[in-house]
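Please look at the sequence and the structure shown here.

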Amino acid sequence: MKRLWIAILLLIIVGAITVSEYIYVTSSVQKHIYALDEIDKKISQNDREDAYDMLCRLENRFEDTDRVFNAFLLHSDIDNISGNIAMLKEYSKSTNNAQFLALSAKTKLQLLSLSKSEKPLIDNIL
Amino acid sequence: MLIILIRTVLLYAFVTLAVRIMGKRQISDMTTSEFVITLIVSDIAAIPMQNTAQPMISGLVPILVLVAIEVIVSVIMMKSKKFHKLICGNPIVVISNGKVDEKALSELRITYEDLDSLLRQQEVFDTKDVKYGIMETNGSLSILKKEEQKE
């Protein structure tokens, strides 16, 4: 019977960890996407300095979430997004808005796919 | 490589703990589900050992869940004969009063040669010496020799 209680406890702990991870990833992704939306608006208004500052803050925030993300998600996916944010910082200095907005859209899709892939949907399970 | 080394040590400790939680059994005494889970656990543990791009928790979570499910299933099997039968099946009599039940053998997909081999491992060289031969759910053969053969 002791083993039974250990087994049930293990299931509860694992359930709590996975649910917490799902909530954390989903909420972090939403915040990052929101930040990118705001940065896109700044770029569209040609306010490059503000956009650059916001990108630096986003990069720092992403580095903070990076550790947790790397513990639960594929490292290559996280590295791709980090790389894109670094590229966005450089693109924000150029006058080519289309290039910036294209990469920003791609980064947002990658972020979205992180949270989508964690949802317990039939397509993900299968 | 250092990460692989550390992960290997951690996962080894973790799998040992997992097997310890599942309980002590020899491989020959394991039920089908226990045997399958033991194999799966070792395969799952190998993935994050070799692939550092994959988070270690992607190996730990399935192992924990499998071990927990296995323990719960084994407790339920202890309490419920029906459930035990559903998971493990029933032992099948393959030899009765020296005669081999061919239907039982074909049901188990065992040849005469396989049966003879199992009998020889029990120091029986003729099926006529066997009163009852029962194929257990773990694939082993239990035999009851005829009275005159027991001496």
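**Helices and contacts in a predicted model**

Residues are numbered from 1 along each chain as its sequence is written, chains are lettered from A and ligands numbered from 1 in the order in which they are written, and side-chain values use heavy atoms, with hydrogens and water left out.

**α3 and α4 of chain B**

- Helix α3 (residues 57–79) of chain B and helix α4 (residues 81–88) of chain B have axes that come within 5 Å and cross at roughly 125 degrees.
- Helices (H or I, at least four residues) are DSSP runs, numbered from the N terminus as are strands (E, at least two).
- Axes are lines fitted to C-alpha atoms, for helices over the stretch in contact, and angles run from 0 to 180 degrees between N-to-C directions.
- The crossing of α3(B) and α4(B) is left-handed, meaning that the near helix is turned anticlockwise from the far one by less than a right angle, whereas clockwise would be right-handed.
- B:Val73, B:Ile76, B:Met77 and B:Lys79 of α3(B) meet B:Lys81, B:Phe83, B:His84, B:Ile87 and B:Cys88 of α4(B), where contact means heavy atoms within 4.5 Å.
- Six residues of this contact of α3(B) with α4(B) are nonpolar, one is polar and two are charged.
- In these classes, Ala, Val, Leu, Ile, Met, Phe, Trp, Tyr, Cys and Pro count as nonpolar, Asp, Glu, Lys and Arg as charged, and the others, Gly among them, as polar.

**α1 and α2 of chain B**

- Helix α1 (residues 2–22) of chain B packs with helix α2 (residues 32–50) of chain B at an angle of about 165 degrees, their axes being 9 Å apart.
- That angle makes α1(B) roughly antiparallel to α2(B).
- Their contact comprises nine nonpolar, three polar and one charged residue.
- The crossing of α1(B) and α2(B) is right-handed.

**Between chains A and B**

- In chain A, 17 residues are in contact with 18 residues of chain B.
- About 1400 Å² is buried between chain A and chain B, and carbon and sulfur atoms give 80% of that area.
- Buried area is the accessible area (1.4 Å probe) that two parts lose on being put together, summed over both.
- The axes of α1(A) and α1(B) come within 10 Å and cross at roughly 135 degrees, and the two helices are therefore oblique to each other.
- A:Arg3, A:Ile6 and A:Leu10 of α1(A) make this contact with B:Arg20, B:Ile21 and B:Met22 of α1(B).

**Salt bridges**

- The structure holds six salt bridges over all chains, each a side-chain nitrogen of Lys or Arg within 4 Å of a carboxyl oxygen of Asp or Glu.
- Between chain A and chain B the count is zero.
- A:Lys41 forms a salt bridge with A:Glu38, with the closest N and O atoms 3.4 Å apart.

**B:Leu118**

- B:Leu118 is found in helix α6 (residues 112–121) of chain B.
- Leaving aside neighbours within four places in sequence, B:Leu118 is in contact with B:Met135 and B:Leu141.

Terms used
Predicted model: local features only at pLDDT ≥ 70, side-chain atom pairs only at ≥ 80, totals over all residues. Parallel < 35°, antiparallel > 145°, perpendicular 65-115°, else oblique.
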